[in-house]
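Trainee: I have a new structure open and would like to go through it with you. Could we take it piece by piece?

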Amino acid sequence: MEKEKKKPVIDVREIIASLWKKKWLFVKVWCIVLVLSALWIFPQPRYYTAEVSLAPETAGTEVGGGLAGIAAQFGFNLGGSGNDAFYPVLYPELFSSPAFLVSLWDIQVETLDGETKCDYYTYLKNQKKNPYTVPFKAVKRWVRSLFVTKKQTGTGVGASAFQLSEDDYGLMMTMQEKIICKNDKKTDVTTIVVEAQDPLVCALMADSVRSRLQKFLIDYRTSKARLDLAYYQALSDSAFTEYQISMKLYNDYCDTHKNIIQQSSQSQKDVLASDLEMKKTTYQAYQAQVQAMRSKVQEKTPAFTTLKSATVPVKPDGPKRVIFILAMLFLSTIVTGVCVCKKMLPAEI
């Protein structure tokens, strides 16, 4: 019968004693990590966040409203019911659209100290950066220049989202990280979060983005009704012009044939009067359609309830310098401890 192999045993007391013997090694590692972490994290620019929450009115709420309410209690959203193809769940997708992001570049912003007043595009181009990342970015640009024959410079405000330059595309990708839209599927509450290095800028941008989102949704919901209004308005204007021409012909004929009692003259007068009445009826009908379309535009215009308005933040949201340094110290402690104890562990483990 073969002898049973002895299982390797780890002596915890021996490990603790070995770690205690290496206490000065830990102190040295902590000092180095503390200095390096502080040198890295303290030059990082502070940033602030502002938040706006709104509850938009959804189209088609009268259709299946009871079923939608029951489904919402179980975490399901039936907001896509009805004829509306753009409901709150899709709002975050809009914030990844180049056309929408580029349209935000012309928003005028101002820093809290009042030293900078410019559009959002210019503000993003002049953001503060960590000086320690400058050499790495310079090397990155040099490497890219070896493969790119000609660098495309940014065109700024008014650029076409269809064909962005290299600089503008990079700026747009930065905006996707700084302007975030979230939607609660249970309540349909839409939250817009904006990050900026200045507290006033992030509050101004949060409120402006909310306004742009509302304008986009109003234009989308009322687009068909506004086209119908423009169509009937054009018909009404044309009918009014024809009505005025017919009225002038009738009045001129009556003025020039006052004392003429011939039957042919009376017949011509009746024809002009009939044409005038027809043009008047047509004009009145188109005017009624115009008024109906104006009411339709108002009916289709969605209402928004602002649950949380933008405010200028008092404290920065990051970077969390103390937490970062403590995390680095903790990680260095784990790594150093593993390296110290690695020689003590049995080879079978």
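This is a predicted model: local features need pLDDT of at least 70, side-chain atom pairs count only at pLDDT 80 or more; totals for chains, interfaces and linings use all residues.

Trainee: Okay, and is threonine 190 buried or exposed?

Mentor: Threonine 190 counts as buried because its relative accessibility is 0%; buried means under 20% relative accessible area, exposed over 50%, and partly exposed in between, with a 1.4 Å probe and protein chains only.

Trainee: Which residues is threonine 190 in contact with?

Mentor: Leaving aside neighbours within four places in sequence, the contacts of threonine 190 (heavy atoms within 4.5 Å) include Val52, Ser53, Leu54, Tyr91, Cys181 and Leu213.

Trainee: What about aspartate 188, where does that lie?

Mentor: Aspartate 188 is in the loop between β4 and β5, and it has a positive phi of about 65° although it is not a glycine. With a relative accessible area of 13%, aspartate 188 is buried.

Trainee: Let me step back a bit. How many helices and strands does the protein chain have?

Mentor: The secondary structure of the protein chain comes to twelve helices and six strands. Of the 349 residues in the chain, 30% are buried, and among contacts between residues at least 6 apart in sequence, 78% join residues at least 24 apart.

Trainee: Which residues have the most contacts inside the largest nonpolar core?

Mentor: They are Phe95, Trp105, Tyr120, Met175, Ile179 and Met205, in a core of 38 residues. A nonpolar core here is a set of buried Ala, Val, Leu, Ile, Met, Phe, Trp, Tyr and Cys residues joined through side-chain atoms within 4.5 Å. Among the elements that give two or more residues to this core are β1 (48–56), α8 (166–178) and β5 (190–196), while α9 gives the most, with eight residues.

Trainee: And what does phenylalanine 95 touch?

Mentor: Not counting residues up to four places away in sequence, phenylalanine 95 touches Phe100, Leu101, Gln176, Ile179, Cys181, Ile192, Val209 and Leu213.

Trainee: Now aromatics. How many aromatic pairs does the count come to?

Mentor: The count comes to seven aromatic pairs. Rings of Phe, Tyr and Trp (its six-membered ring) pair if their centres lie within 6.5 Å, and planes under 30 degrees apart count as stacked, over 60 as edge-to-face and the rest as tilted. Tryptophan 105 and tyrosine 121 form a tilted pair, at 4.9 Å centre to centre and 55° between the planes. Tryptophan 105 lies in the loop between α5 (98–102) and β2 (108–110) and tyrosine 121 in helix α6 (residues 120–125), so the pair ties together parts that are 16 residues apart in sequence. Both tryptophan 105 and tyrosine 121 are buried.

Trainee: One more: which residues of α2 are buried?

Mentor: In α2 the buried residues are Phe26, Val33, Ser37 and Ile41. They cover an arc of only 45° around the axis, which puts them on the same side of α2; the arc is that of the directions from the helix axis to the C-beta atoms. The face of α2 turned away from that buried side carries the exposed residues Trp24, Lys28, Ile32 and Leu36.

Trainee: And which residues does the cis peptide bond join?

Mentor: The cis peptide bond joins glycine 318 and proline 319, with omega about 0°, and proline 319 lies in the loop between β6 (304–308) and α12 (321–342).

Definitions and conventions:
Residues are numbered from 1 along each chain as its sequence is written. Side-chain values use heavy atoms; hydrogens and water are left out. Helices (H or I, at least four residues) and strands (E, at least two) are DSSP runs, numbered from the N terminus.
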